[in-house]
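Visitor: Hello! Could you show me how to read a protein structure, one feature at a time?
Guide: Gladly. Let us look together.

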Amino acid sequence: FCPFSTNSKTMFMHSAFSIRRLALVVMATGSAWLVACNNDADNKDKKEDSLATSPDTASHMQHNPSGPEAPMAMVKHAEVTIEATYPDTTLTGSAKFDADNGKVKMVLDITVPSKANKSVAVHLHQHGDCGDHGNMSHGHWNPTNVKHGKWGEGEYHLGDIGNVKLDGKGKGSITVETDRWTLGGDTTSNILGKALIVHGGVDDYKTQPTGNAGGRIGCGVIR
């Protein structure tokens, strides 16, 4: 007496084959996921910031979907604390903003030990939200709807602060004084509530609309 008929044997063989094939698919998917994660971690500093605004999209992105932004009350002083957007990247920083005689002066200090003796780009971004590794801040703050460029030369976003040179310990600072920013008031000049983003690379001042400055490794909101 044979406990398995020919059909039963055939079904058993097909089932065993299907199980082996499923196991191979699961292993391949897991390997691909691990490689993708590792590559993402290795390249986060180099990855181009694809969310920066272009002149064509800046006007649309600067508005709240629920309606136009309302002007804020004018203040004389504001600050921002900058923190790392990735747990494996050490980054600290702060900036102070003071309004006087129709101008705003910013003094920014950052420390990024892993970028010692290099430069990193710093920009103001549309929204004061550092979620999703800083991506929730959306693109460069560009209320005048112009091309990306170098601060003070030709066309440039009002958020195009530029590159900060870091010393042998990864410390650097930059000072900007301008009559194009305000602390409150007109939404085309008010920097309160904007995000200050530190990028993993340098701004080439040419590539549109990002400056090819790399991923977002630090973020803080001006308050």
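Visitor: How many helices and strands does the secondary structure of the chain have?
Guide: The chain has 2 helices and 8 strands. Helices (H or I, at least four residues) and strands (E, at least two) are DSSP runs, numbered from the N terminus. Along the sequence the pattern reads α-α-β-β-β-β-β-β-β-β. A word on the source: this is a predicted model, where local features need pLDDT of at least 70 and side-chain atom pairs count only at pLDDT 80 or more, while totals for chains, interfaces and linings use all residues. Residues are numbered from 1 along each chain as its sequence is written, and side-chain values use heavy atoms, with hydrogens and water left out.

Visitor: What percentage of the residues in the chain is buried?
Guide: Buried means under 20% relative accessible area, exposed over 50%, and partly exposed in between (1.4 Å probe, protein chains only). Of the 223 residues in the chain, 39% are buried.

Visitor: How many aromatic pairs are there?
Guide: A pair of aromatic rings is described by the distance of the centres and the angle of the planes. Rings of Phe, Tyr and Trp (its six-membered ring) pair if their centres lie within 6.5 Å; planes under 30 degrees apart count as stacked, over 60 as edge-to-face and the rest as tilted. By this rule there are 3 aromatic pairs. In one of them, Trp151 and Tyr156 have ring centres 5.0 Å apart and planes at 50 degrees, so this pair is tilted.

Visitor: Which residues form the aromatic cluster? And is Tyr156 buried or exposed?
Guide: Phe97, Trp151, Tyr156 and Trp181 form one cluster. Tyr156 has 9% relative accessibility, so it counts as buried.

Visitor: What should I look for in the backbone?
Guide: Most residues other than glycine have a negative phi, and most peptide bonds are trans. Asn117 is not a glycine, yet has a positive phi of about 65 degrees. Asn145 also has a positive phi, near 60 degrees.

Visitor: Where are Asn117 and Asn145?
Guide: Asn117 is in the loop between β3 (103–111) and β4 (119–125), and at 52% relative accessibility it counts as exposed. Asn145 lies in the loop between β4 and β5 (162–165); with a relative accessible area of 36%, Asn145 is partly exposed.

Visitor: Which peptide bond is cis?
Guide: The bond from Gln208 to Pro209 is cis, with omega near -5 degrees. Pro209 sits in the loop between β7 (195–199) and β8 (216–221).
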